[in-house]
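Me: I have a chain open here and want to get to know it. Can you walk me through it?

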Amino acid sequence: MAEPHGDSTSEETQEPASNPPREETPRRRYRHHRRRRHQGHEHSFAGCFPRLLLRRHEDLTLSRAARSLLDSYVRELLERIAQEASCLLRERNRSVLTHVEIQDAIQRLLSGELRLVSVFQGSNALLNYHRHN
């Protein structure tokens, strides 16, 4: 026999069947990518040396070991200049590092012609900076 329309057991009023449980697929993990992204990129001066060398000696090149050695030398020298400049700040009871402290630190650390050339080049760079800005 046919069921009347008002019956509550009709297909229209029944709740839809729940979806079958999906099979869990393994999630991709990007831990290596995340680690790499959060690590800071260290600056290297190694790319500057071949260009500087080309200005004077077009036929010479630098090996990878030589570039690495020069890079570590420049890093060490800049670190020493920064340490000496911070000592000068403490001696002078100042809190702002200026070109005067850096110039004095260079004069304390370097000797001979290298001292004169570096102070001259630094002064010219500072004058050019102020001239164009």
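Me: Let's start with one residue. Is Asn93 buried or exposed?

Reply: Asn93 is exposed, with a relative accessible area of 71%. Buried means under 20% relative accessible area, exposed over 50%, and partly exposed in between, using a 1.4 Å probe and protein chains only. One caution: this is a predicted model, where local features need pLDDT of at least 70, side-chain atom pairs count only at pLDDT 80 or more, and totals for chains, interfaces and linings use all residues. Residues are numbered from 1 along each chain as its sequence is written, and side-chain values use heavy atoms, leaving out hydrogens and water.

Me: Where is Asn93, and what is its phi?

Reply: Asn93 sits in the loop between α3 and α4. Its phi is positive, about 55°, although Asn93 is not a glycine. Most residues other than glycine have a negative phi.

Me: What about Thr98, where is that?

Reply: Thr98 is also in the loop between α3 and α4. It counts as partly exposed, at 30% relative accessibility. Thr98 and Ala85 are 13 residues apart in sequence, and their C-alpha atoms are 9.1 Å apart in space.

Me: Zooming out, how many helices and strands are there?

Reply: The chain has 5 helices and 0 strands. Along the sequence the pattern reads α-α-α-α-α. Helices (H or I, at least four residues) and strands (E, at least two) are DSSP runs, numbered from the N terminus.

Me: How much of the chain counts as buried?

Reply: Of its 133 residues, 11% count as buried.

Me: Which residues touch Asp71, leaving aside its close sequence neighbours?

Reply: Set aside neighbours within four places in sequence, and Asp71 is in contact (heavy atoms within 4.5 Å) with Ser44, Phe45, Ala46 and Phe49. Asp71 lies in helix α3, residues 64–92. It is buried, with a relative accessible area of 11%.

Me: Back to helices. How do α3 and α4 pack?

Reply: Their angle is about 115°, and their axes are 8 Å apart. Axes are lines fitted to C-alpha atoms, for helices over the stretch in contact, and angles run from 0 to 180 degrees between N-to-C directions. The crossing of α3 and α4 is right-handed. A crossing is left-handed if the near helix is turned anticlockwise from the far one by less than a right angle, and right-handed if clockwise.

Me: Which residues meet there?

Reply: From α3, they include Ile81, Ala85 and Leu88, and from α4, Ile102, Ala105 and Leu109 are among them. The residues of this contact divide into 9 nonpolar, no polar and 7 charged. Ala, Val, Leu, Ile, Met, Phe, Trp, Tyr, Cys and Pro count as nonpolar, Asp, Glu, Lys and Arg as charged, and the others, Gly among them, as polar.

Me: And how do α4 and α5 pack?

Reply: α4 (residues 99–109) and α5 (residues 112–132) pack at about 165°, with axes 9 Å apart. They are therefore roughly antiparallel to each other. Angles under 35 degrees count as roughly parallel, over 145 as roughly antiparallel, 65 to 115 as roughly perpendicular and the rest as oblique.

Me: Which residues meet in that one?

Reply: His99, Gln103, Ile106 and Gln107 in α4 meet Arg115, Ser118, Val119, Ser123 and Leu126 in α5. By class, that contact has 3 nonpolar, 5 polar and 1 charged residues.
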